Number of protein chains: 2
Amino acid sequence: MSDPVFLRACRGLPVSHRPVWLMRQAGRYMEEYRALREKMPILEMMKDPAIATEVTLQPINAFPVDAAIIFADILTLPEAMGLNLEFIPGKGPVFHNPIQDMSDVQKLRPLNAERDLDFTLEAIRMTRAQLSSDIPLIGFSGAPFTLACYAVEGSGSKNFDEVRAWMYNDPDRWAALMDRLTDGVLDYLQAQIDAGAQALQLFDSWAGCLPVQAYERFAAPWTRKIMEGLGDQVPRIHFAANGGHLLEVLADLPLEVIGVDWRQDPRQVIKRVGTQHVLQGNLDPALLLAGEEALEEALPALLDSYREAKGHIVNLGHGVIKTTKPERVAQFVTRIHELSRQA
Amino acid sequence: MSDPVFLRACRGLPVSHRPVWLMRQAGRYMEEYRALREKMPILEMMKDPAIATEVTLQPINAFPVDAAIIFADILTLPEAMGLNLEFIPGKGPVFHNPIQDMSDVQKLRPLNAERDLDFTLEAIRMTRAQLSSDIPLIGFSGAPFTLACYAVEGSGSKNFDEVRAWMYNDPDRWAALMDRLTDGVLDYLQAQIDAGAQALQLFDSWAGCLPVQAYERFAAPWTRKIMEGLGDQVPRIHFAANGGHLLEVLADLPLEVIGVDWRQDPRQVIKRVGTQHVLQGNLDPALLLAGEEALEEALPALLDSYREAKGHIVNLGHGVIKTTKPERVAQFVTRIHELSRQA
């Protein structure tokens, strides 16, 4: 029982309570974060290891969460491969030279994470040195499909319709882009393990916009390559936002933990993916916006709905919404601990 | 065999070919539509029965689709109940006096569709008089949940997070709002049948943002009331955009046709909902943005994937994207007819 609860849960081992962490647990809903954010642009915060460490530790100091996740952004990877990134206030991330044709794909520079993304690796080393030994540190990357969406669209989009058309129109060009991004993601994640990350989450934030067959053909093979390339050095967590329709495909990939979107019924999820995987999720983030009473009422049902799972890491079914009150996060984490210790 | 193919397919009867229509088949991707749209605001177009009729008939004249759908907007109903609606260019629909508390709910005026929404009823009568007898006319309404989303938020939103919190926080207030909207929807849809609509589609455009249990508690009872209130006078079609997780709940409602979002695998859908319902869908709309070849390749697989369904009405899995080329729509409709006649 010497391993931290979060890591034991990732492996499906018995635990004293259900571990809890929250996607986007460091962020604008915290006053401490906003105070830093007022002083510097977000990309500078991420590229300053001391600041990134401080932000990573903010929710650890504020709430009894069971894991930390390194403060970083998925788009620093394509930036390091040659795409010119800017975060435009009110609009979000923009690449000024999006991928348009095969020659753009071929111009992408192979990533060397130790050289190109050392700011995040250094933040991992600094955070690990400051974190208590019972709080594991999670590293992460965007999945190649999601990175390709931004690289081709050049910005966010409601459903990346034009990217799907671009993908359908030239599967070889798509594969060439995915190959290059996949090599980069694999190098980046291995470097995060080497720097001290004790679990890894792959965020496929836009996989949900793909039909099932398109996901199988245009995304899953590259995600598989990453998961196989990493092996089981550390637990591998996969989260496809709005990806409930992809669960059967995800359950066939070599990974330990499947993240569950807030829309899904955990009992149906267990029926569909079986009990080979630990599940992570999936409180509706809007319940943290609602009052104390509505949240309190929802928690026993959440715990109960995962009773038949191989294991359960408690999380939201998407990131913390920026208008969330910190006291609701505190209530969520504390009550999950209390309720799951009793159970 | 005297009934039009579309209506026969809605009832699960044998058909000579699979009928096709497209959500948003009248719209900005058509030059004829843009020519009208340049001359007047969208709300005025909808409130002028002659213009609404002309727009409804544009895709019928351009493509061999098997059904027409009346040109209207789901938000004219809450407008008629007292919410002050404006379509702001670049931003979309806005209600200037959104619902905030119980007193706002109580101030909503009961709908009298014959008095308040006669422009759409008159457009149905005019369209029906001009349409060939083998092309049925579909009427529609927004579902109460989706109307409530706009009424409370006051505009569109990525996921209506704040509306879900408002809903969780006071279930009685929510029920009072849903009761009033449901009475309005039922009156409006019955009036559309009386005016000549031969099938009805309920668009629950935002049901997809609800967790399954929340949909069962906060939305499905009112959708059931509408479907039961209508009975089987005309085929009842339900479309919940991004609602793949809700299929089991939808299959339990009294209705004939379930619309399938583009993300879903039809074979999995059939496994989950059984063969009591005809299915409608679900080509990825991005395939109409892709080239002729990519679209051609996708169509036999689409038809084949519904082989085990009770019946299949071919459609997109979401509305036509405004940058779609009309020749792709023509190819889609024509090839579906050809391929399904051979099969």
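In which hand of crossing does H4(B) pass H8(B)? In this predicted model, H4(B) passes H8(B) in a right-handed crossing. Helix H4 spans residues 49–62 of chain B and helix H8 spans residues 118–130 of chain B; their axes come within 8 Å and cross at roughly 50 degrees. On the H4(B) side, the contact is made by Pro49(B), Ala50(B), Ala52(B), Thr53(B), Thr56(B) and Leu57(B). H8(B) contributes Phe119(B), Thr120(B), Glu122(B), Ala123(B), Met126(B), Thr127(B) and Gln130(B). By class, the residues of this contact of H4(B) with H8(B) comprise seven nonpolar, five polar and one charged.

The arrangement of the two chains was examined next. Chain A is superposed on chain B by a rotation of 180 degrees with 0.0 Å of shift along the axis, at an RMSD of 0.0 Å. This is the relation of a two-fold axis.

The contact between the chains takes 27 residues from chain A and 27 residues from chain B. In chain A, helix H10 (161–169) and helix H12 (212–218) each supply at least two residues of the side that touches chain B. H10(A) gives the most to that side, with six residues. The side of chain A that touches chain B is made up of 14 nonpolar, seven polar and six charged residues. Of the interface residues of chain A, 100% are also interface residues in chain B, so the copies meet through the same surface.

Terms used: Residues numbered from 1 in each chain as written. Chains lettered and ligands numbered in written order. Predicted model: local features only at pLDDT ≥ 70, side-chain atom pairs only at ≥ 80, totals over all residues. Contact = placed C-beta atoms within 7 Å. Helix = DSSP H or I, 4+ residues; strand = E, 2+ residues; numbered from the N terminus. Nonpolar A, V, L, I, M, F, W, Y, C, P; charged D, E, K, R; others polar. Axes fitted to C-alpha atoms, helices over the stretch in contact; angles between N-to-C directions. Left-handed = near helix turned anticlockwise from the far one by under 90°. Least-squares fit on C-alpha atoms with pLDDT ≥ 70 in both.
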